[in-house]
Amino acid sequence: MPVNSTYYLFLSLLLFSIGIMGTLMRRNAIIIFMCIELMLNAVNLLLVAFSKMYADVDAQLFVFFIMVVAAAEVAVGLAIIVMMYRKVHSVDINILNRLKH
Amino acid sequence: MSIYDILFWVLSVMSVGCALGVILSRNPVNSVMFLILTFFSISGHYILMNAQFLAIVNIIVYAGAIMVLFLFVIMLMNLNADVEPQKGQLVQFAGVISGGVLFLVLLAGIKTASPVAIDKASIDIGLISNLGKVLFKDYVLPFEISSVLFLSAMIGAVVIGKKEDTAPNTEEQ
């Protein structure tokens, strides 16, 4: 049975669900951040598969812009995590559940 | 079974297994390594789908830049498996159940999608000359705006990460 576009749909869906599970399961803020990157990559894979299905260039350019936004997001997010580590000496998100500290 | 199918299955098993390794390994450094492997296998998928430019950009940007940044931060904080916070069994179980239910719902939504043979489509669409033409003809404005986004992200990261030694509330230490 040859590989068709539905397989890529299932694969990216599985990767996205694994990212959701990791976000819900872990307490380390950096691991949660990495799971968000995993979900972004699952969406990128799906967009490239759609671009192949419909022979369309625009989807691949959207992947390019998603990578741009992800790079900017990682820079700001890691700065926030480093700042939080400097304040409370932990990356446990359960410490952040109250706003005053 | 053609070579395309074999490569697809090998890369799929590798990406899903490494993604599971990201969320299951206790040590954050191992998680980063698994995530780098996941990105490499996704780049392999891009090459299989003739998106060569995106495959290279994925390796350079994600595996090269972003993951090195993650690794720097983890090693800066000296995180390892001993200080890793763990959620309770019930919360982890609930997380797995909710992720699995989401997977099932989306699967039921797309299982009737009509399949399109993916290796028969046009092969020169992902080359950098085609992408560059479209990028600089139709998407010039988003391209320029993304430079402003990068500039603001850079300034924001510097402002957030700056040591506030001149702050008035120094009685915390």
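Predicted model: local features only at pLDDT ≥ 70, side-chain atom pairs only at ≥ 80, totals over all residues.
**Entry 1: the A/B interface.** I started with who touches whom: 84 residues of chain B are in contact with 71 residues of chain A. I then looked up the buried area between chain B and chain A, which comes out at about 7300 Å². Carbon and sulfur atoms give 77% of that area.

I checked which elements of chain B supply the side that touches chain A. Those giving two or more residues are α1 (3–24), α2 (28–48), α3 (52–77), α4 (89–110), α5 (128–137) and α6 (140–161) of chain B. Sorted by class, that side of chain B has 56 nonpolar, 20 polar and 8 charged residues.

**Entry 2: polar links across the interface.** How many salt bridges run between chain B and chain A? I get 0. For polar contacts, I find 4 residue pairs across the interface of chain B and chain A, with both residues at pLDDT 80 or more.

**Entry 3: the salt bridge.** Over all chains, the structure holds 1 salt bridge. I traced a salt bridge to the side chains of A:Asp92 and A:Arg27, at 2.2 Å, N to O. The pair links distant parts of the chain, with the two residues 65 residues apart. A:Asp92 sits in the segment after α3 of chain A, and A:Arg27 is in the loop between α1 (5–25) and α2 (29–54) of chain A.

**Entry 4: aromatic rings.** I counted 11 aromatic pairs over all chains. I picked out one of them, A:Phe64 with B:Phe53. Are the ring planes stacked, edge-to-face or tilted? They are tilted, with 40 degrees between the planes and 5.8 Å centre to centre. This pair crosses between chains: A:Phe64 belongs to helix α3 (residues 58–88) of chain A, B:Phe53 to helix α3 of chain B.

**Entry 5: domains of chain B.** I looked up the domain assignment, which gives domain 1 (1–82 + 116–126) and domain 2 (128–161). The C-alpha centres of these two domains of chain B lie 23 Å apart.

Notes. Residues numbered from 1 in each chain as written. Chains lettered and ligands numbered in written order. Heavy atoms only, no water. Contact = heavy atoms within 4.5 Å. Buried area = accessible area lost by both parts, 1.4 Å probe. Salt bridge = Lys/Arg side-chain N within 4 Å of Asp/Glu carboxyl O. Polar contact = N/O pair within 3.5 Å; in protein donor to acceptor, adjacent residues only side chain to side chain. Helix = DSSP H or I, 4+ residues; strand = E, 2+ residues; numbered from the N terminus. Nonpolar A, V, L, I, M, F, W, Y, C, P; charged D, E, K, R; others polar. Domains from an automatic or database assignment. Phe/Tyr/Trp six-rings, centres within 6.5 Å; stacked < 30°, edge-to-face > 60°.
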